[in-house]
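Here are my notes for you to read alongside the model. Have the structure open and find each residue as we go.

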Amino acid sequence: MIEEYDNHLDDPIDAEIGGYVNLSSLRSFFLFAGAGSGKTRTLVNVLKDYIIEPFEHQLAMEGRKVAIITYTNAATEEIHRRADYHPLIHVSTIHSFAWSVIKGFHKDIRKWLKHTLAEKIEELNKKQTKAKNTTTKTYQNRAKEIETKSKRLAQLEDILIFQYNPNGNLTGIDSLSHAEVIQIAADFLKENKTMRNIIASQFPIVLIDESQDTNKNLVDAFFALHESHKDRISIGFIGDVMQRIYADGKEGLGSGLSDEWAKPIKRLNHRSSRRVVKLINNIRKPYDGISQLPRTDAIEGNARLFISHRDVDKSAVEQSVMSMMAKQLGDDTWSDIRNIKLLTLEHHMAAKRLGFSELYEPLRKEFSTAIADGSLPALNFFKQVMMLVNANKIKDNFTVANLLQERSPLFSVKKLKVADNQIQHLSDVKEKVLDLLSLWDESKDPTLREVLIKISEHNIFELPEQLKSVSIEANELDEMLTEIMDEEPSALDLFLNAPFSQIQKYYDYIEGNEIFDTHQGVKGLEFPKVMVIIDDEEARGFLYKYDKLLGTKEKSATDIENEEAGKDNAIDRARRLFYVTCSRAKEDLAIITYTDTPDLLKQNAIAQKWFSEDEIHIL
């Protein structure tokens, strides 16, 4: 039986949530908002119609606000704009919110850092004690890490006020990292009743967008806040567990909630064509059985599956698929790669195609989340160098001067005060900067290590802690290269061998300025034409197994055991990523899979009702 509905099917959800954020009868809730469901529109409608309009005067008189926590700065700005920049709506990223929670508690932060640093140093010392060879690079890097952490621990008593920048990386001894701020805020909220009282008093309503990817420790902290103040606060988790893509998100968020939590569901997909909605529903069905409905005025759209052997020229295959889509659909927009969004299922697949593999590969396992969202301090350190080099290339002396004045310790107030001759000091600074920039003379492309050594030598920028443990003076480097190492170099050591030019390529990619993107980069975005590239062998993902999802490789005993126990597993993770990428398409979707068994893959795709036989092409 075909369900009758119209495009206003989900309109009552706004009013339903409006009841949960009524200041006289607050109730926490989890809003299921699938791909293209218009969750931001609902969020803004609730803010305007059900919070500000009826309760603006009360909130203002009580000195309270509504907290909206988003995942990105772009989402923060969008909600700010659509909510007319109302002063009673406090919109921030999760990092900004976490900092606002803890920034007045410097003594408690110091105590937390003392305990955490001492634990980490003890752990590292145990590893050193067990090491059989004290000449290995791993041993020496650990020794440097112990030294930097011990130095930081010793300096804590001298720090009265800690510093943090949610949108960058400060590097002074009084600075906190992104990960530290998140963990400190989570621990404080879970363990400190006073802290929970303060938050509940300031924010009677806390709405968390993209909650499935919010750090699990903070999610647990919000649950603790709900338990202790359930009659005084409405906590709204907004998201879709099928779109959880980061490893630090909370598994199973939204399931197993008590009846105290309301669970509204948005059913319409306002983004995608009928054919794409049908596909993503079938991809999702084994996961939780939840399905969406297309708009009544949605176009039919198209979805095609192209299957190729792995031992081919993949760039040629991908170009051929675009030509086939243009011909089959009679749509010339498929002929121009600039009209298509190409989505890889792993970042390094894009890194290989875009030319920053030497930078990416060493970091992909140890720092997977940080390089996916651009928050790795080591990368951000080199980003400021990239900005300096780019400004110098176009003779933008104003930007060069500003960057140095804002970020270089050579321009610190302390440095300038103690200089006997400030004019001579500035002249010396200029010589040091020119020496750094000489690395790029005659179109040279220095390694990251060469750049790091030069910056460390001249103290042009403050080094982040993770680079202090691997920074090596030139003479030390020559000496160490002659040693026989029994252990592999660290990830950061290998990363420093990459050409500096790959920093620009990485940031062009991670900031969405390339035709290639990936699941992390496109969450919440949409494109008319999408091509998804799948290759388990090339992806080399240990978290995701697409061959198993596609049925071309048998499940392991561990896979079966995890499935039966209801645990997250490589197949579920692959299914979620596949769902996210496919659901970006507004009109047409082309999927390219590389496999050793094309006929089996075709058979399975038909059996799972993902594609019909005439939609599948073996190349």
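Is Lys-39 buried or exposed? Lys-39 is buried, with a relative accessible area of 17%. The cut-off used here for "buried" is under 20%, so a value of 17% falls inside it. Keep in mind that this is a predicted model.

1. **The partner of Lys-39.** Let's stay with that lysine for a moment. Lys-39 forms a salt bridge with Asp-209, and the closest N and O atoms are 2.8 Å apart. This pair ties together distant parts of the chain, since the two residues are 170 residues apart. Lys-39 sits in helix 2 (residues 39–62), while Asp-209 is in the loop between strand 4 (205–208) and helix 9 (216–229). Asp-209 is buried as well, at a relative accessible area of 6%. Have a look at both ends of this link in the viewer.

2. Now turn to Glu-157 and Lys-114, whose side chains meet in a salt bridge at 2.0 Å, N to O. This pair also links distant parts of the chain, 43 residues apart. Glu-157 lies in the loop between helix 6 (137–155) and helix 7 (178–191), and Lys-114 belongs to helix 5 (residues 106–130). What about their exposure? Glu-157 counts as partly exposed at 47% relative accessibility, and Lys-114 counts as partly exposed at 33%.

3. Lys-230 is partly exposed at 26% relative accessibility, and Glu-227 is partly exposed at 49%. Salt bridges can also join up: Arg-310, Lys-314, Asp-535, Asp-547 and Asp-596 are linked in a network of them. How many salt bridges does the structure hold? The count is 34.

4. The axes of helix 5 and helix 7 come within 11 Å and cross at roughly 110 degrees. Angles from 65 to 115 degrees count as roughly perpendicular, so helix 5 is roughly perpendicular to helix 7. Which residues of helix 5 meet helix 7? They are Asp-108, Ile-109, Trp-112 and Leu-113. On the helix 7 side, the residues are Glu-180, Gln-183, Ile-184, Asp-187 and Phe-188. Sorted by type, the residues of this contact are five nonpolar, one polar and three charged.

5. **A buried arginine.** Arg-284 is found in helix 10 (residues 274–288). Arg-284 is buried, with a relative accessible area of 1%. What does its side chain do in there? The side chain of Arg-284 makes a polar contact with the side chain of Tyr-579, at 3.5 Å. Setting aside neighbours within four places in sequence, Arg-284 is in contact with Phe-32, Asp-240, Val-241, Met-242, Gly-289, Ile-290 and Tyr-579.

6. **A buried glutamine.** Gln-292 is in the loop between helix 10 and strand 8 (293–294). Gln-292 is buried, with a relative accessible area of 4%. A polar contact of 3.3 Å joins the side chains of Gln-292 and Asn-269. A polar atom of the Gln-292 side chain also lies 2.9 Å from the backbone oxygen of Ala-35. Not counting residues up to four places away in sequence, Gln-292 touches several others, including Gly-34, Ser-37, Arg-267, Val-277 and Tyr-579. Ile-280 is also one of the residues touched; the C-alpha atoms of Gln-292 and Ile-280 are separated by 8.8 Å, and the two residues are twelve apart along the chain.

7. **Two backbone angles to check.** Most residues other than glycine have a negative phi. Against that background, Ser-443 has a positive phi of about 60 degrees although it is not a glycine. Ser-443 is in the loop between helix 18 (422–437) and helix 19 (448–458), and counts as exposed at 75% relative accessibility. Asn-459 has a positive phi of about 55 degrees, and Asn-459 is not a glycine either. Asn-459 has its place in the loop between helix 19 and helix 20 (465–468). Is Asn-459 buried, partly exposed or exposed? Asn-459 is partly exposed, with a relative accessible area of 31%.

Terms used. Residues are numbered from 1 along each chain as its sequence is written. This is a predicted model: local features need pLDDT of at least 70, side-chain atom pairs count only at pLDDT 80 or more; totals for chains, interfaces and linings use all residues. Side-chain values use heavy atoms; hydrogens and water are left out. A salt bridge is a side-chain nitrogen of Lys or Arg within 4 Å of a carboxyl oxygen of Asp or Glu. Helices (H or I, at least four residues) and strands (E, at least two) are DSSP runs, numbered from the N terminus. Buried means under 20% relative accessible area, exposed over 50%, partly exposed in between (1.4 Å probe, protein chains only). Axes are lines fitted to C-alpha atoms, for helices over the stretch in contact, and angles run from 0 to 180 degrees between N-to-C directions. Angles under 35 degrees count as roughly parallel, over 145 as roughly antiparallel, 65 to 115 as roughly perpendicular and the rest as oblique. Contact means heavy atoms within 4.5 Å. Ala, Val, Leu, Ile, Met, Phe, Trp, Tyr, Cys and Pro count as nonpolar, Asp, Glu, Lys and Arg as charged, and the others, Gly among them, as polar. A polar contact is a pair of N or O atoms within 3.5 Å; within protein, one must be able to donate a hydrogen and the other to accept it, and residues adjacent in sequence count only if both atoms are side-chain atoms.
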